Amino acid sequence: MEHAIVLFDGDCNFCDSSVQFIINHDPAGYFQFASLQSEIGQELSQKHNVPDDVDSLVLIEGGEAYVKSEGALKISHHLTGLWKLAYHLQPFPRVLRDGAYDVIAKNRYKVFGKLDSCMLPPPHIRKRFLDQF
């Protein structure tokens, strides 16, 4: 099975919760994960020309990098339950979607805080993380 990779801010509580959410709604294991701060996260960001100012979430799928609302909506398309419906927000103007995304991303540390340490996932989930534990 082909996998998509989600790069996330490893210091952010909201991003950590988002990764947990994706894991819980991705029983097929389509998504793999790496923090943006990790060596592999940095390598993938460079390889896929992710802009330097993107620091919250990146989806790498089919050899392309998707950032901000585009990445989030593409992720939702693969999730179980009603979350798939969020994908249908794509027709909304990107400037509006990304504006809302930017407000959340800019304030995520203020609202949700920073992590002091990363959670250590159980072995069956750990294999989906490209970072070394």
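Tutor: A residue is called buried when its relative accessible area is under 20%, exposed when it is over 50%, and partly exposed in between, using a 1.4 Å probe and protein chains only. This is a predicted model, in which local features need pLDDT of at least 70 and side-chain atom pairs count only at pLDDT 80 or more, while totals for chains, interfaces and linings use all residues. Residues are numbered from 1 along each chain as its sequence is written, and side-chain values use heavy atoms, with hydrogens and water left out.

Student: What makes helix H3 mostly covered?

Tutor: Seven of the nine residues in helix H3, which spans 68–76, are buried, namely Ser69, Glu70, Gly71, Leu73, Lys74, Ile75 and Ser76. The name helix is given to a DSSP run of H or I with at least four residues, and strand to a run of E with at least two, both numbered from the N terminus.

Student: Is Asn49 buried or exposed, and how do you know?

Tutor: Asn49 has a relative accessibility of 66%, which is over 50%, and therefore Asn49 counts as exposed. Asn49 is found in the loop between helix H2 (39–47) and strand S3, and its phi is also a positive value, near 55°.

Student: What makes a set of residues a nonpolar core?

Tutor: The set must consist of buried Ala, Val, Leu, Ile, Met, Phe, Trp, Tyr and Cys residues joined through side-chain atoms within 4.5 Å. The largest such core here has 15 residues, and those with the most contacts inside it are Val6, Ile22, Phe31, Phe33, Ile75 and Phe129. Two or more residues come from each of strand S1 (4–8), helix H1 (13–24), strand S2 (31–35) and strand S3 (57–61). Apart from this core lies another, of 10 residues, including Ile5, Leu7, Leu36 and Val54.

Student: Which residues is Phe31 in contact with, leaving aside its neighbours within four places in sequence?

Tutor: Contact means heavy atoms within 4.5 Å, and on that basis the partners of Phe31 are Ala4, Val6, Ile22, Asp26, Leu59, Ile75, His78, Leu79 and Arg128.

Student: How many helices and strands does the protein chain have?

Tutor: The protein chain has five helices and four strands, and from the N terminus on they run β-α-β-α-β-β-α-α-α.
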